[in-house]
Amino acid sequence: MSKVSEDLNEWRRTCYSTDVTPDLESKEITVFGRVMTRREQGGITFLILQDMKGIVQVTIHRDKSPKEVVEDIKNLELHSVIGIKGSVKSMPKAPHGAEINPSKIKILSQPKTKLPFDPHGRIEQSIDKRLDLRVIDLLRPRSQAIFKIRNVVLEVMRQFFHDEDFLEINTPKIISSATEGGAALFPLLYYDKEAFLAQSPQLYKEQLSSIFEKVFEIAPIFRAEPFRTLRHLSEAISVDVEQAYVTYVDVMELLERMIQHIVISLNEKCKDELSILNVKLDPPQLPLKQVTYDEVLKALEKTDVKIEWGDDLSTASLKEISKQFPQYYFIIDWPTTSKAFYIKPKTANQELCESFDLMCGPIELVSGGTRISNREDLAKRIAEKGLEPKNFDYHLKIFDYGMPPHAGFGLGLDRLIMMLTNIENIREVVLFPRDPQRLTP
Ligand code: AMO
């Protein structure tokens, strides 16, 4: 073991790994990072140090480097966390064309045990093994690429909403009643009362749209999904939007512009990450295709998959339909019975409602619609759905003080990232996923 000192003292970073280029020739710098590889060759030790921006080569000459440095690295383990002070030297073969010749090394942490898998190894470990040690898995270039893309998607989305004059809101995640139907609720004890984890910010965003008119929230939603699939989580991130004085047609237009903008921005800002993942993203042509629920059922008639009119579309039916629509498309005009109580039935035909799902192939990314803005109609729908109207008093009374017509949607961020990174398992695109079998790390 080499000597370890956790105190930074006067040590501070002066540049990142990727700043070490021939432009800094002979400059004295300080870098920090993790030792990813170590190679010995004829009296020279090459270390590759990884930091948040990338990698840099550190070269130690047994004869020329300071004795202290040569001594310090003798027993340096892989994955040690170190600081290096040294000078930059052009080296065409090194990453970014330059290396560091150290004058001082500070070992901040040495691993105590060997890693159970090599994050840079050729063999892809199972997702469960990687998730058990997620932080180490995040050293893999593929994992880093996914979360850098996710970060840019969030940044671009927020900017998009702000440019459209939306206000970002934060609503409670401990709530007193269901919004999306009773089955998938996580109950909890709130002091001496029963409470639940929020399935969606639906009622709050509707109420707030009556004042701020255009609101959005990016936050967790909790669903007690009883099954383990590649696209369901117990805790997911939802991008919720609500807007006053518009209908579902208007928010669909907003949504498709946002999706197109995200794809264009990723192509500009995440070239390296997309190439690591081997993904080519074509910006969708607008307007996106729209199919009605009835057209979907008609198309299914030619297949073995049967759906009764009024039922939700099963996984098998969506797989069939996606053969015709491999990319983004809307399914519109759903039966009123298949959607949540707050979705507005069409005035001319109450059996259908003003709702949509945005699909990408067989995966539902978004659902939304025009909302009921009249108290009596809403109370009636709550009762029809078998929910307890008393539980919604706090919501219904707001409608008595004036409620503009409004519409909105909820977009599953994790599912969108799956689509943009071409990843099959939703757990890959979430740092610490939660599902019926996983509550740690
Ligand atoms: P919905 O229940 O369809 O609608 O959810 C909206 C979107 O959230 C994502 N999603 C999930 N992602 C991962 N795991 C889950 N268990 C999960 N559940 C949902 C999906 C889905 O399309 N309040 C309405 C939205 C609205 O009308 O504004 C709602 O919650 O991508």
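**The ligand shell and a few strands**

Hello everyone, let me start at the ligand: one of its oxygen atoms lies 2.7 Å from a polar side-chain atom of R371. Before going on, a word on the model. It is a predicted one, in which local features need pLDDT of at least 70 and side-chain atom pairs count only at pLDDT 80 or more, while totals for chains, interfaces and linings use all residues. Residues are numbered from 1 along each chain as its sequence is written, and side-chain values use heavy atoms, with hydrogens and water left out.

Back to the ligand. A polar side-chain atom of R223 lies 2.8 Å from an oxygen atom of the ligand, and for G410 a backbone N or O atom lies 3.2 Å from a ligand oxygen. Taken alone, the ligand exposes 620 Å², and the protein buries 92% of that. Those areas come from the Shrake-Rupley method with a 1.4 Å probe; for residues, only the protein chains shown count as cover.

Who stands around the ligand? There are 22 residues, and Q202, K205, E364, S367 and R371 come nearest. A residue is near a molecule or strand here if one of its heavy atoms lies within 4 Å of it. By type, the shell divides into seven nonpolar, seven polar and eight charged residues.

Which elements supply the shell? Helix 5 (202-212), strand 15 (363-370) and strand 16 (406-412) each give at least two residues, and strand 15 has the largest share, with five. Helices (H or I, at least four residues) and strands (E, at least two) are DSSP runs, numbered from the N terminus.

Let's stay with helix 5 for a moment. Its buried residues are Q202, L203, K205, E206, Q207, S209 and S210. Buried means under 20% relative accessible area, exposed over 50%, and partly exposed in between (1.4 Å probe, protein chains only). Those buried residues pack against strand 10 (214-222), strand 11 (235-244), helix 11 (393-399) and strand 16, where contact means heavy atoms within 4.5 Å. After helix 5 comes E213, with a positive phi near 70°.

Now for S80, in the loop between helix 1 (67-73) and strand 4 (81-90). Is S80 buried or exposed? S80 counts as buried, because its relative accessibility is 0%. Its side chain makes a polar contact with the side chain of Q110, at 2.6 Å, and a polar atom of that S80 side chain lies 2.7 Å from the backbone oxygen of E77. A polar contact is a pair of N or O atoms within 3.5 Å; within protein, one must be able to donate a hydrogen and the other to accept it, and residues adjacent in sequence count only if both atoms are side-chain atoms.

Last stop, strand 2. Six of the seven residues of strand 2 (residues 44-50) are buried, so the strand is largely enclosed by the rest of the structure. Strand 2 pairs in the antiparallel sense with strand 1 (residues 28-41), over seven bridges, and also with strand 3 (residues 55-61), again antiparallel over seven bridges. Two strands pair if DSSP finds at least two bridges between them. As examples, R34 has Q50 as its bridge partner in strand 2, and F46 stands opposite T59 in strand 3. The hairpin of strands 1 and 2 has two residues between the strands, and there G42 takes a positive phi near 45°; the hairpin of strands 2 and 3 has four residues between them.

Technical notes
Nonpolar A, V, L, I, M, F, W, Y, C, P; charged D, E, K, R; others polar.
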